[in-house]
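Q: I would like to go through the pockets of this model. Could we take them one at a time?

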Amino acid sequence: MLHVTQTLPAILDPEDGPVAEVMNPGSTAPVCLVCEHASPFIPASLSNLGLASEHLQSHAVWDPGALALSRRLSEKLDAPLVACRVSRLVYDCNRPPEAPDAIPGRVEVIDIPGNQGLDAAARDMRARSVYDPFSACLSSMLDGFSHPPLMMTLHSFTPVWNGRPRATEIGLLHDDDPTLANAMMAASDGAFDVALNMPYSATDGVTHTLQKHANPRGLKNVMVEVRNDLLKDDQAIAQVATALLDMLIAAKVSETSA
């Protein structure tokens with residue numbers, strides 16, 4: 001595991017460690033994995049953002065299971081993984097600084113008091129503290145490949161949102177270039193309920209990482225969303241990882257033979 005050296009602004013203490021970390025940095029696969037919502041960590045300076053204790057490990061704070069899935073895929077592919085070590089509630093690294101939900105005051109039914117009423121200076125400090133170093137780490141990793149890699153971002157979502165159950169189990173989201181998402185969709189074998197652009201799509205503003213880092217480099221890319229009840233234990237995570245790996249390999253094969 002490689003930690004990236006960086007200057008830590010005010011909301012982070014030196015003992016908190018870096019915002020971003022790279023796992024499996026010496027890997028050989030032409031693939032870069034990204035997990036923006038990997039951690040529920042909230043710096044002590046923010047006093048848990050005023051959250052009730054029962055919400056500190058909730059889907060509002062991070063994407064449960066997403067990091068474990070990302071690590072499994074990193075091992076299987078022998079691919080590097082760039083992960084954020086700070087909660088999405090401190091700053092959502094899959095949103096640009098101008099997006100209101102980059103620092104949300106409410107997520108579904110959960111209020112985040114420490115994010116409410118922030119002025120422009122406070123929001124800017126959050127972006128400089130979290131978004132900028134994470135983005136710089138990912139950019140550096142992508143620029144370090146000898147050949148353009150494929151980029152896959154990994155997320156999880158809750159089975160019920162605002163009281164409505166979600167049938168989709170794995171979502172394959174794309175931004176401007178649907179090539180990889182479509183190819184993976186075509187390769188799905190029915191083991192999971194896989195859908196394109198579900199439960200979100202680019203119109204919801206969730207493809208920022210693809211827009212900022214993959215599109216300008218001309219990289220094939222996809223955003224993967226997995227329902228978090230499918231990521232409850234190692235066996236379940238292994239099953240999802242195998243399904244995604246099979247789809248990815250089939251998609252690359254079909255691209256090569258096209």
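Q: How do the residues lining the second largest pocket divide into nonpolar, polar and charged?
A: This is a predicted model. In it, the lining of the second largest pocket comprises 10 nonpolar residues, one polar residue and two charged residues.

Q: Which residues lie nearest its centre?
A: Of the 13 lining residues, those nearest the centre of the second largest pocket are Pro30, Val31, Pro149, Leu150 and Lys252.

Q: And which helix gives the most to that lining?
A: Helix α5, residues 234-257, gives the most, with three residues.

Q: What volume does the second largest pocket have?
A: Its volume is about 190 Å³.

Q: Turning to the largest pocket, how much space lies in it?
A: The largest pocket holds about 420 Å³ of space. The elements that give two or more residues to its lining are β5 (106-107), β7 (150-157) and β12 (221-227). The largest share, three residues, comes from β7.

Q: Which residues lie nearest the centre there?
A: Arg88, Arg95, Val107, Trp161 and Tyr200 do, out of 27 lining residues. By class, the lining of the largest pocket has 11 nonpolar, six polar and 10 charged residues.

Q: A change of topic: where does Ser146 lie?
A: Ser146 is in the loop between α2 (120-143) and β7.

Q: Is Ser146 buried or exposed?
A: Ser146 is exposed, because its relative accessible area of 69% is over the 50% cut-off.

Q: How far apart are Ser146 and Pro30?
A: Their C-alpha atoms are 8.6 Å apart in space, while the two residues are 116 residues apart in sequence.

Technical notes:
Residues numbered from 1 in each chain as written. Predicted model: local features only at pLDDT ≥ 70, side-chain atom pairs only at ≥ 80, totals over all residues. Heavy atoms only, no water. 1 Å grid on protein atoms, 1.4 Å probe; cavity = no way out; pocket = protein on both sides within 12 Å on 5 of 7 lines; lining within 4 Å. Points joined across faces, edges and corners; volume = space filled by probe spheres on them. Helix = DSSP H or I, 4+ residues; strand = E, 2+ residues; numbered from the N terminus. Nonpolar A, V, L, I, M, F, W, Y, C, P; charged D, E, K, R; others polar. Buried < 20%, exposed > 50% of the residue type's maximum accessible area, 1.4 Å probe, protein only.
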